[in-house]
Amino acid sequence: MSPRAAARLATLGFGDVYDYVAGKADWGSAGLPLEGANGSETHAGAYVRTDVPRCGLGESLQAVRQRVTEAGFDTCFVVEENQVVLGRIGRRVLASDTDVLVGEVMAEGPSTVRPSARLSELVERMNRQDLSGLPVTTSDGRLTGLLTRADAERALARS
Amino acid sequence: MTRSVTRADVQRLTAEESAQLVEVLPVAEYEDEHLPGAISIPLKDIAEQARRLLDATKPVVVYCYDYT
């Protein structure tokens, strides 16, 4: 639609017209705020825990285990230098006594959701799949943080 | 002339060049969610409303949902 709108504006004498081709889907996927009846406050991005622990492929599980415990979480996301998500270290792995490199034991390529994802849909999904949380990433795969089921349910109850 | 722009371009145009943001989807979709500061001019109403609602001397950025 927007290319046609841009073209029509040009015929009406508007000389400086730009077409944001990727649209509001792109905007929301980048975690940028949206306004409206279902604006950002009903989307995952508003409730993300940005302080969820992160680690690198080459780190020792022992070091990560300590950091995760001190931070008060039970999970850690494995990211590369640009914060693109590579994997996840979950509760079971953290509870094990082994001392290996993170890259050897991480769960590869976890499912992620966008900051623009609707809370109501995510809560339904987390309940259906019995998930305690979901990682939130931008459209280029960079970790924004963790949306916990508890936080999402509380936010929905308030809205 | 119309040009395709990125998200970063939109941010720059609105912050630095007073660009007018226009969502061209139906009103109900605009009311559901829209970019901060955007106004609603559905595509079918562009010819009728553009000159009344927009300043032709300033940049205009139009958008819809995505590439499709």
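Modeller: Of the 68 residues in chain B, 44% are buried (under 20% relative accessible area, with exposed over 50% and partly exposed in between; 1.4 Å probe, protein chains only). This is a predicted model, where local features need pLDDT of at least 70, side-chain atom pairs count only at pLDDT 80 or more, and totals for chains, interfaces and linings use all residues. Residues are numbered from 1 along each chain as written, chains are lettered from A and ligands numbered from 1 in the order written, and side-chain values use heavy atoms, without hydrogens or water.

Colleague: How many helices and strands does chain B have?

Modeller: Three helices and four strands (DSSP runs: H or I of at least four residues, E of at least two, numbered from the N terminus). The pattern along the sequence is β-α-β-α-β-α-β.

Colleague: OK, helix α3 of chain B. Which residues are buried?

Modeller: B:Ile46, B:Gln49 and B:Ala50, in a helix covering residues 46-53. They fall within an arc of 115° seen down the axis, so they line one face (the arc is that of directions from the helix axis to the C-beta atoms).

Colleague: And the other side?

Modeller: B:Glu48, B:Arg51 and B:Arg52 are exposed there.

Colleague: What covers the buried residues?

Modeller: The cover includes α1 (2-11) of chain A and β3 (39-40) of chain B.

Colleague: Switching to B:Glu29. What does it touch?

Modeller: A:Lys24 and B:Glu23, leaving out residues up to four places away in sequence (contact means heavy atoms within 4.5 Å). B:Glu29 sits in helix α2 (residues 27-32) of chain B.

Colleague: What is the relative accessible area of B:Glu29?

Modeller: 36%, so B:Glu29 is partly exposed.
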